[in-house]
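Trainee: I would like to learn how to read the inside of a protein model. Please take me through one.

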Amino acid sequence: MSLREMLSDYWYAFQLELLPGLESELGPMGERYEFFVTVLELVRVEAQLPYFHGQVGRPLEDRAALARAFLAKAVFDMPTTRALIERLEVDRRLCRLCGWSSVGRLPSEATFSRAFAEFAESGLAGRLHEALIARTMQDHLVEHISRDATAVEAREKPQRKPGKAKKRSKRGRPRKGEEGAKEPSRLERQLTMTLPQMLADLPRACDVGTKRNAKGHTISWIGYKLHIDTADGCIPISCVMTSASTHDSQAAIPLGTLTAGRVENLYDLMDSAYDAIEIWAHSISLGHKPIIDVNPRRSSEMKEALKLERKARRTLGLVFPEEHRYAGRSTAERLNGRLKDEFGGRHVRVRGHDKVFAHLMFGITALAVSQLMRLIIPPI
């Protein structure tokens, strides 16, 4: 069964059975509420949570309802947990959809905060997204994976980088055979590491990032950087979050390994920041065809040669097939924009790598459902 057929079967059942039952009990459902119900049905929060009933001690608040509430926070693009609670207190429909029978059964704000800390520590949001991709995309061939990173602004103090210890060396020219071995770069080390080792080796602390935007201006931010692999249809497949100062290329190999374990794809599309021999070799080793923009690396001769080549191609009307495929990398930019504009990417109010990543992954999970449903329901 194709992905479109599977989603169409779900949507048919949703329209004929689930939605009429909800409307008879809760009243007419708006477009955003229908989408939230779709997220809950496809994500299946309960399958990723432990079962606590029957254990000794004071019972915990229903973690499934709290997890649904944080998904609602991403779906309705609420800036803070306080805003989420205030919405639940006045919105009976949303309160019932999350799993509370009445407004009086809502837990306190402190309980929401403790639950979110637990979800962040256990990686619940990431597991929800991984399970969704496995359920919908695992048996389907993906043509292109577009790799890119986006800035994540955080409200916390950046950490100072530890200074590098200077090695004392003897004065003068070293004797023949005494040249010290050059320390391997992170990309070289990653080629011999396992995926957990690569992820553990990436920097995670909040710091200051700097990049040049599309208009050529240099911008800086305090926070993190979210690296995303996006499939055709603007569907996020895997994500890794690092410090803001981490170069995009440093997360390419672990991100590619993570994506290869979830879907099977043919082409890897990357911009010039990923133009490194190790990244090319890793993509080929996975059985993919890498299409990476050339990085002249401050070489004025290469810049001029590339400029003349582009001019000659335009004159002749010559367009290579790789150029057509590389144009599809814009899906990554569109996904970054939707995450920030519609699913909470601009409202990071928590602190610490795990909590910030959990906040973003709830939004990524809802965004993945939105893009999957667009395969059968064109956007308005």
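Trainee: Which residues does Tryptophan 100 touch, not counting residues up to four places away in sequence?

Mentor: Contact means heavy atoms within 4.5 Å. By that rule Tryptophan 100 touches Ala65, Leu66, Ala69, Leu88, Cys95, Arg105, Leu106, Pro107 and Phe112. This is a predicted model, where local features need pLDDT of at least 70, side-chain atom pairs count only at pLDDT 80 or more, and totals for chains, interfaces and linings use all residues. Residues are numbered from 1 along each chain as its sequence is written, and side-chain values use heavy atoms, with hydrogens and water left out.

Trainee: Which residues touch the most other members of the largest nonpolar core?

Mentor: A nonpolar core is a set of buried Ala, Val, Leu, Ile, Met, Phe, Trp, Tyr and Cys residues joined through side-chain atoms within 4.5 Å. Buried means under 20% relative accessible area, with a 1.4 Å probe and protein chains only. Here the largest core has 82 residues, and Phe36, Trp100 and Met137 touch the most other members. Helix α15 (residues 353–373) gives this core its largest share, 12 residues. A second, separate core has 10 residues, among them Ala149, Ile253, Ile279 and Ile292.

Trainee: How many helices and strands are there in the protein?

Mentor: Both are DSSP runs, numbered from the N terminus: helices are H or I with at least four residues, strands E with at least two. The protein has 15 helices and 6 strands.

Trainee: What percentage of the 380 residues is buried?

Mentor: Buried residues make up 44% of the 380.

Note on methods. Buried < 20%, exposed > 50% of the residue type's maximum accessible area, 1.4 Å probe, protein only.
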